[in-house]
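Subject: Structure handover

Hello,

Here is the structure I promised you. Please open it and keep it beside this email while you read.

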Amino acid sequence: MAYASDPSPLQDFCVAINDPKDAVFVNGKFCKDPKLAKAQDFYHSGLNIPKNTSNPVGSTDTPVNVAQIPGLNTLGISLVRIDYAPNGGLNPPHTHPRATEILVVVEGTLYVGFVTSNTDNRLITKVLYPGDVFVFPIGLIHFQFNVGKTNAVAFAALSSQNPGVITVANALFGSNPHINPDVLVKAFQLDKNVHTFRACTSIMMKRLQLFIAAFVILAFSSLLASASDPSPLQDFCVAINDTKNGVFVNGKFCKDPKLANAEDFFYSGLNIPRNTSNPVGSTVTPVNVAQIPGLNTLGISLVRIDYAPYDGLNPPHTHPRATEILVVLEGTLYVGFVTSNSDNRLITKVLNPGDVFVFPVGLIHFQFNIGKTKAVAFAGLSSQNPGVITIANAVFGSDPPINPDVLTKAFQLDKNIVTYLQSKFWWDNN
């Protein structure tokens, strides 16, 4: 029942190119022949490098979307690094007309929030520390503000290959050509002599509530985007277990939006290293709708993955409902995915800190720690509940077991080996 937030392709991927001569036009981009796709089409480096925040707002966004990774075309997800200057670095009030954002703090302390749409215009806020996660629903005005004395850094995944950004102050008071001052005077109830961008921005910074009036102008943009999971006709639909007073949307019952609070969009603990003492040497810590009920209907989630030194493995698996975009924080990973039949091409890359790689929806993929130290990665996934199918466990550890004759023929193995694998993985699963 899920559909991608950008139009879903009927192929593994559609790597964007600028040459229209021999290409197919899909989702606003021309696509290269899939047989010519390579690892570089799904790769970007440099997100480990601190950015210069010497600008009027004291923050810098470093996007990784379809413009940086052409392989993201049609896959409905992207990533961004945000650097904030100490003592007031601000990612100013803005919207993403085509995407929900899920943000994790890596360094520093951020005061964050979003404003619900008319007529409530409720401000929902939270102070975030390293390892904390917060969700900004699609189309809503939101911000992040560094309230600490040191630099702050966050990574965020967004549920579109090209989420768009509308910075409220710039759009209204810095448009080209300018909006008729009479419009702004009446909308913001200001003196007509105070309509320059600088003056109005100064006033709005002192009176944050004036930003809320702009939502009337911006609301239409949120109606043009579709979420990876069925899109609601409301700001959000916080999942609850109470069936008595809830409304059933996207497999979950939803609480009254007026009762929603910051905790519904918050999760903490992604800064804590996980135990990787298990047979595969890795641990995945998901942050999806089960952990953040406010993610319901918003079409995105996040994971932290810890890998043991030398050979920690996130074994071959698929996400049946999501594309994954992964950024390495520590260590060195050998990663790859396999295209579908009949090519079954393996596309691989070695990733170092700051490198980004994309695993297209539904394709078998893996990550393997080839370094001598532990490795850590964060990944965004284009579904509130992407699902995981670990190939070995599903095939050899199903309950009840698949008929051994099926597996003997499919994998061309001796039946005794199949029986052994089934007993091993069945016990592992149970």
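Below are notes on the sheet, the aromatic pairs, the salt bridges and a few surface details.

This is a predicted model, in which local features need pLDDT of at least 70, side-chain atom pairs count only at pLDDT 80 or more, and totals for chains, interfaces and linings use all residues. Residues are numbered from 1 along each chain as its sequence is written, and side-chain values use heavy atoms, with hydrogens and water left out.

**The sheet**

Start with the strands. Helices (H or I, at least four residues) and strands (E, at least two) are DSSP runs, numbered from the N terminus. Two strands pair if DSSP finds at least two bridges between them.

An open sheet is built from 5 strands, in the order β24-β23-β26-β21-β28, with antiparallel pairing. Its edge strands are β24 (346-351) and β28 (389-390), and each of these pairs on one side only.

Now take the pairings in turn. β23 and β24 run antiparallel and are joined by 6 bridges. Here V335 stands opposite K349 in β24. Strand β23 (residues 333-338) also pairs with β26 in the antiparallel sense, over 6 bridges. V338 faces I364 in β26. Strand β26 (residues 364-369) is joined to strand β21 (residues 313-318) by 3 bridges, and these two run antiparallel. H317 has H365 in β26 as its bridge partner.

**Aromatic pairs**

How many aromatic pairs does a search of the whole structure find? It finds 15. Rings of Phe, Tyr and Trp (its six-membered ring) pair if their centres lie within 6.5 Å; planes under 30 degrees apart count as stacked, over 60 as edge-to-face and the rest as tilted.

Look at F13 and F42. Their ring centres are 5.1 Å apart and their planes are at 70 degrees, so this pair is edge-to-face. The pair links distant parts of the chain, 29 residues apart. F13 sits in the segment before β1 (16-17), and F42 in the loop between β3 (29-31) and β4 (43-44).

Are these residues buried or exposed? Buried means under 20% relative accessible area, exposed means over 50%, and partly exposed is in between (1.4 Å probe, protein chains only). F13 counts as buried because its relative accessibility is 3%. F42 is buried too, with a relative accessible area of 0%.

Next, take Y111 and F143. The ring centres of Y111 and F143 are 5.6 Å apart and the planes are at 50 degrees, so the pair is tilted. Y111 lies in strand β9 (residues 110-115) and F143 in strand β12 (residues 141-146), so the pair ties together parts that are 32 residues apart in sequence. Y111 is partly exposed, at 26% relative accessible area. F143 is buried, at 5%.

There is also an aromatic cluster. F13, F42, F337, F357 and F359 form it.

**Salt bridges**

Side chains of opposite charge can pair when their charged atoms come close. A salt bridge is a side-chain nitrogen of Lys or Arg within 4 Å of a carboxyl oxygen of Asp or Glu. The structure holds 7 of them.

- K32 bridges to D41, with the closest N and O atoms 3.2 Å apart. Both residues are buried.
- R81 and D83 meet through their side chains at 2.8 Å, N to O. Both residues are buried.
- R304 bridges to D306, with the closest N and O atoms 2.8 Å apart. Both residues are buried.

N18 is in the loop between β1 and β2 (24-26). N18 is exposed because its relative accessible area is 79%.

Find helix α6 (residues 404-411). N403 caps its N-terminal end, with a side-chain oxygen 2.8 Å from the backbone nitrogen of D405. After α6 comes Q412, whose phi is positive, near 55 degrees.

Finally, turn to Y129. It lies in the loop between β10 (123-128) and β11 (133-136). Y129 is partly exposed, with a relative accessible area of 46%.

Best wishes

Definitions and conventions:
Polar contact = N/O pair within 3.5 Å; in protein donor to acceptor, adjacent residues only side chain to side chain.
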